[in-house]
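Please look over the sequence and structure first.

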Amino acid sequence: MVLKKKSALTDTLLRQWQSGGPLSNMLLPLSWVTRLAVAIRTGLYRHGLKKPNRLPVPVIVVGNIFVGGTGKTPFVLSLIAALRQRGWHPGVVSRGYGINVGAEPRHGYGAQVDAAYLGDEPSMLARAAPVAIHPDRARAARCLLQQYPDTTVIIADDGLQHLALGRDIEIAVQDSRGIGNGRLLPAGPLREPATRLASVDYLVINIPADEPVAKQPDKTDRNGQRKPRQVTMQLHPTRMVHLRSGQSMPPAQWTTTHQGQRIAAIAGIGHPPRFFRTLAHAGIVVHQTIAFPDHHAYSEAEIEAIDADVVLMTAKDAAKCEAMQDERLWSMEVAPRFSDAVFFDRITEQLKSLPVY
């Protein structure tokens, strides 16, 4: 009963984070405390009372102001690939949510990095680039450069609010929820005021694959420069992977092969409905959808309790379930498509124009 009440309260708050309501209004005074804390933190750095840690290589920060997932991980994976194709050697730093890192940073690189060691998202990223995690991102970055000295650019995953780490390029990732009701935590979903988006270099808007791409309005500053540059991102399925065997197949083939079977879709990400909508757009008929909290640590018992012939999950969930022996488990991998064909070229040109420090 207590769990049901807690779930109902959470659902109510999430709905009011989008459109407002009495619960959001009741929490509004607490959001003023958040606003004050943000103002103090940014003011300390703006007025030079605190200094960001500068590194000997460029830093690209990828984050958001909306609490929870907006599609940063697939974007970072695309950014890693794009930078590598253009001659850079990227590395990634992250906080490592859900992991008790301890005093010293952790690091890893390769397909065998355990999600229990680095965290679900960092372990996914470690398959594409070296990763170091620590709540102190600057400390993680120094560990990364020490362990992987070939690194020529660092991507800070979810570090928009971590001002202690100096940065050269800021990229905010936003999804179709926009800024919700526009209020700061806990009355709304924002970590910072919505005006923060005007100061980033690029704003990536992650919209569902079944929505038409609308032309983004130009926003120019007093010098006539467009800032932030806006680009639309849509996530499309690329392949389905069987967790036990590693076998993979295209989504269309997978759908045909499993036609008529009872499929359960599970998601422990920031916004599970996005995954379920992607499945529907791909023509995959699921018989039940189960949303878990973001960064959920799955147990074999709760997976075994799912009454289905096939259990389909996100790649992020799969990073924590790969060791399970359940033959029903499959994951869907996705890749972004962008409205701006030269988006990554713009980023690399900006990197090349940076002074050496």
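## Briefing

The count of disulfides comes to zero. The model is predicted. Aromatic pairs number eleven. The largest pocket holds about 1,100 Å³ of space, and the structure also has two cavities of 30 Å³ or more.

**Cysteines**

- C143 is buried, at a relative accessible area of 10%.
- C321 is buried as well, with a relative accessible area of 0%.

**Aromatic pairs**

- A pair of aromatic rings is described by the distance of the centres and the angle of the planes.
- By the pairing rule, the count is eleven aromatic pairs.
- F75 and F343 make a tilted pair, with 6.1 Å centre to centre and 45° between the planes.
- F75 belongs to helix α3 (residues 72–85) and F343 to helix α11 (residues 343–352), so this pair ties together parts 268 residues apart in sequence.
- F75 is buried, with a relative accessible area of 0%.
- F343 also counts as buried, at 1% relative accessibility.
- W254 and W330 form an edge-to-face pair, with 5.9 Å centre to centre and 70° between the planes.
- This second pair links distant parts of the chain: W254 sits in helix α7 (residues 251–257) and W330 in strand β13 (residues 329–338), 76 residues apart.
- Both tryptophans, W254 and W330, are buried.
- One aromatic cluster is formed by F75, Y202, F338, F343 and F344.

**Largest pocket**

- About 1,100 Å³ of space lies in the largest pocket.
- Its lining has 49 residues, and T73, P74, M124, A315 and K316 lie nearest the centre.
- Two or more lining residues come from each of α3, α5 (120–125), β8 (229–242), α8, α10 (315–321) and β13.
- By class, this lining has 19 nonpolar, 17 polar and 13 charged residues.

**Second largest pocket**

- The second largest pocket has about 700 Å³ of space.
- It is lined by 22 residues, with T10, D11, L14, G270 and P272 nearest its centre.
- The elements giving two or more residues to this lining are α1 (2–19) and α8.
- Helix α1 supplies the largest share, eight residues.
- The lining divides into twelve nonpolar, six polar and four charged residues.

**Helix α8**

- Helix α8 gives two or more residues to the lining of the largest pocket and two or more to that of the second largest pocket.
- P272, R274, F275, F276, T278 and L279 are buried in helix α8 (residues 272–281).
- An α-helix has 3.6 residues a turn, so residues three or four places apart point the same way.

**Cavities**

- Rolling a probe the size of a water molecule over the atoms shows where empty space is left.
- The largest cavity holds about 40 Å³ of space.
- Its lining consists of N64, I65, F66, A172, V173, Q174, G178 and L197.
- Five of these lining residues are nonpolar, three are polar and none is charged.
- The second largest cavity has a volume of about 30 Å³.
- N206, I207, P208, A209, L235, R274 and T278 line the second largest cavity.
- By class, that lining has four nonpolar, two polar and one charged residues.
- R274 and T278 are among the residues lining the second largest cavity, and both are buried in α8.

Notes
Residues numbered from 1 in each chain as written. Predicted model: local features only at pLDDT ≥ 70, side-chain atom pairs only at ≥ 80, totals over all residues. Heavy atoms only, no water. 1 Å grid on protein atoms, 1.4 Å probe; cavity = no way out; pocket = protein on both sides within 12 Å on 5 of 7 lines; lining within 4 Å. Points joined across faces, edges and corners; volume = space filled by probe spheres on them. Nonpolar A, V, L, I, M, F, W, Y, C, P; charged D, E, K, R; others polar. Buried < 20%, exposed > 50% of the residue type's maximum accessible area, 1.4 Å probe, protein only. Helix = DSSP H or I, 4+ residues; strand = E, 2+ residues; numbered from the N terminus. Phe/Tyr/Trp six-rings, centres within 6.5 Å; stacked < 30°, edge-to-face > 60°. Disulfide = S-S within 2.5 Å.
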